[in-house]
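The sequence and the structure are shown first.

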Amino acid sequence: MSLTEYFELLFTDYTLRTITLGTAVLGAICGMLGSFAVLRKQSLLGDAISHAALPGIALAFLITGAKDTNILLLGALVSGLIGTFWIKGMVSKTHLKSDTALGLVLSLFFGFGMLLLTFIQKQPNANQAGLDKYLFGQAATLVEDDVRLMLIVTGISLCILLLFWKEFKILLFDADYTKTLGFNTKFIDVLITFFIVLAIVLGLQTVGVVLMSAMLLAPAAAARQWTNRLSMMILLAAIFGILSGVLGTAISASQNNLSTGPVIVLVATVFVVFSFIFSPGRGLFFREIRFRNNRKDLQLKKTLQFMYGIAKTHDNISHPHAIRILNNFQGFTKKSLQQMEDKEWITINGQQWALTSKGFNEAMNLYNKTHD
Amino acid sequence: MTSPQLEIQLIAAIVAIACAIPGVFLVLRKMALISDAISHSILPGIVAGFFITQDLNSPLLILLAAITGVITVILVESIQKTGLVKEDTAIGLVFPALFSIGVILIAKNANDVHLDIDAVLLGELAFAPFDRLIISGMDVGPKSLWLMGSILLITVSLLFLFFKELKVSTFDAGLSSALGISPVIMHYGLMSVSSVTVVGAFDAVGAILVVALMIAPAATAYLLTSDLKRMIALSIGFGIFAAIGGYWVAHLLDASISGSMTTVLGLLFLGVYLFAPQKGLLAVLYRQKQQRTEVSLITFLLHLNNHSEENERHLNHLNEHINWQKVRSKTVVDLALKNNMITIEGQIVSLTAKGNDFTQRALEYILTNKDERIETMKDDFFLFRG
């Protein structure tokens with residue numbers, strides 16, 4: 001199936017439409033809430049929580065014996081939340097650092113989950129097949145109900161986001177100030193953490209435990225490069241998330257043997273790399289160009305300063321001098337002199353140069369200016 | 001106990017020791033999550049190595065995968081250096097991307113490769129004894145035993161050779177540079193050893209549980225001691241305990257060995273986290289509660305010191321005057337009484353000579369902030385123990 005065929009099928013084929021819609025919604029909610037995770041320096045929380053959700057899924061199955069997605073996700077949510085609060089508790093009450101706490105919760109919960117999963121597999125009522133789809137995620141198993149659930153959760157989190165916008169924003173940028181203003185920071189903190197965990201749990205079925213963290217981080221990290229406004233960043237992150245979801249699904253559907261999760265993550269990574277390099281404000285490419293321009297500008301101004309030193313000693317500032325006398329000063333070339341003439345700082349006449357009044361004033365005020 | 005059982009436990013214990021040693025330094029250097037990143041991102045290296053060698057235990061594969069691990073570290077650091085994102089975001093971006101590439105490589109070649117990602121992620125120790133190393137017709141033992149044994153040998157000899165250097169560069173990078181020990185070389189050395197260990201161990205315990213074996217014993221030990229040598233020894237002990245204990249739990253439940261090893265580690269950590277004598281949760285909570293009471297006590301004594309009039313020193317008045325919400329005033333009054341700092345005569349509280357002396361010293365300490373003032377009080381009060 002080629003990509004064009006895919007987009008034609010998108011509107012007629014039920015499965016394809018469901019999966020695409022599912023990954024798109026997932027991308028949107030992850031981008032939205034991921035922005036908070038990235039800005040709160042909780043980037044790896046997603047990784048830890050997605051792993052910590054595994055024992056919850058297994059326990060939910062063991063207790064209810066049902067494979068109903070909603071019940072399993074509820075189990076995942078509970079164990080994800082326990083993991084999150086244990087991490088917070090460890091960091092605040094002991095001298096273990098956050099990286100150790102994250103790694104501990106990640107690996108210990110996951111190991112316990114594996115123990116339970118293998119235990120379940122050996123049980124006689126072996127309808128457990130499909131539990132391991134949460135490990136690596138299978139977008140193909142998404143049904144309309146799952147997508148509806150995602151849409152509802154996205155809607156709710158959007159409402160909460162708008163309702164508590166001011167609180168979220170101020171907590172993000174100045175937690176201490178928020179506290180002094182009398183906001184209940186603990187409540188806001190728990191609220192935002194709860195929704196981040198919720199988004200992670202929703203994504204498990206689609207992209208799986210291992211890749212969930214990238215789903216949360218990548219759109220937000222890409223969006224961060226394009227703007228310094230929180231609202232803009234969240235919007236962009238949601239768009240990047242949707243695009244990664246749709247494009248990833250399209251690419252994986254157009255090829256054999258390509259699982260959706262990894263492709264979505266790779267597409268999101270491409271967005272990140274592109275943003276790192278080409279974003280106008282922070283991107284590496286434009287930063288390098290700016291850096292070079294500044295260096296060139298500095299060279300010109302140094303030359304001008306040297307000329308000013310010579311011209312200052314004469315009554316007539318535009319008295320011509322030989323280019324030769326600049327030889328003591330290494331930082332000029334024919335090209336740079338030409339550029340200075342283009343800026344109308346100097347005039348060049350044969351082997352002679354003369355400062356213009358504009359150039360003289362420029363040089364005189366070089367160190368006086370506070371900004372350009 | 002049969003011979004394969006013994007071999008499995010031996011392999012598990014060796015893996016646990018080999019992981020615990022670099023784990024201690026990763027935890028101390030606040031780089032615990034690097035092990036998580038490495039354990040995931042070696043996947044493309046393993047796949048590439050497997051295409052070339054067709055053998056999961058081949059040294060070439062180990063080398064290729066370990067190089068991928070070091071590349072991960074370099075990538076994370078260079079992304080971090082651009083200042084575009086924070087370090088944790090850099091880690092979170094790099095390893096899922098590399099892992100995805102690995103998954104796709106496996107999926108695209110699934111037909112002709114005996115390598116599936118369950119095995120890479122989860123490992124299976126139970127099969128380890130059946131892949132045997134045969135040298136000129138002689139069966140010398142399981143391949144993974146030899147492999148992990150050599151990795152452990154290298155790790156231990158490096159530890160003994162460079163213990164001093166590792167120690168100083170871990171705790172004080174500046175001093176280490178000044179002494180001529182490059183922290184950068186130590187850093188990459190540690191990263192390389194960690195990579196090799198992770199790659200060697202993933203076959204036995206899987207990529208994610210390697211993280212548990214690296215971090216959990218070290219973190220557990222860190223809650224019990226502040227001495228580096230003792231911390232390493234304790235981590236190794238916890239690792240071995242989890243390996244053997246985990247094996248028998250798995251035997252009992254008929255479940256995955258690596259899963260049970262991690263669970264044993266988890267329970268061990270949970271126990272220490274709750275009950276460690278100095279740094280455990282209960283000890284910390286108790287200390288914080290005591291400190292809160294003692295702060296109130298000082299406030300109380302200062303109040304008494306400031307007021308000679310009787311109505312200010314009436315028991316009922318104290319509740320409203322000093323706004324104690326969290327600590328009940330009774331606790332504080334009892335504590336003061338027990339220490340003979342106050343006397344109560346008909347609801348009126350007065351400072352005793354000892355109480356007066358204590359208050360003066362506390363006041364002096366508050367004003368001058370000099371430690372010698374409170375040297376004698378350290379034994380009686382949590383507050384002054386820092």
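For the helix packing described here, axes are lines fitted to C-alpha atoms over the stretch in contact, and angles run from 0 to 180 degrees between N-to-C directions. The model is predicted. In chain A, helix α8 (residues 165–173) packs with α10(A) at an angle of about 100 degrees, and their axes are 10 Å apart. Because angles of 65 to 115 degrees count as roughly perpendicular, α8(A) and α10(A) are therefore roughly perpendicular to each other. From α8(A), the residues that make this contact are A:Glu167, A:Phe168 and A:Leu171, while α10(A) brings A:Thr185, A:Ile188, A:Asp189 and A:Ile192. By class, the residues of this contact of α8(A) with α10(A) are 4 nonpolar, 1 polar and 2 charged.

The contact between the chains takes 48 residues from chain A and 52 residues from chain B. On the side of chain A that touches chain B, the elements giving two or more residues are those listed in the table.

| Helix of chain A | Residues |
|---|---|
| α3(A) | 45–64 |
| α5(A) | 98–121 |
| α10(A) | 185–224 |
| α12(A) | 260–278 |

The largest share of this side, 15 residues, comes from α5(A). Sorted by class, the side of chain A that touches chain B has 26 nonpolar, 14 polar and 8 charged residues.

In chain B, strand β3 (residues 342–345) and strand β4 (residues 348–351) run antiparallel and are joined by 4 bridges. B:Ile344 has B:Val349 of β4(B) as its bridge partner. The hairpin of β3(B) and β4(B) has 2 residues between the strands, and in this hairpin B:Gly346 takes a positive phi near 55 degrees.

Methods:
Residues numbered from 1 in each chain as written. Chains lettered and ligands numbered in written order. Predicted model: local features only at pLDDT ≥ 70, side-chain atom pairs only at ≥ 80, totals over all residues. Contact = placed C-beta atoms within 7 Å. Nonpolar A, V, L, I, M, F, W, Y, C, P; charged D, E, K, R; others polar. Parallel < 35°, antiparallel > 145°, perpendicular 65-115°, else oblique. Pairing = 2+ DSSP bridges.
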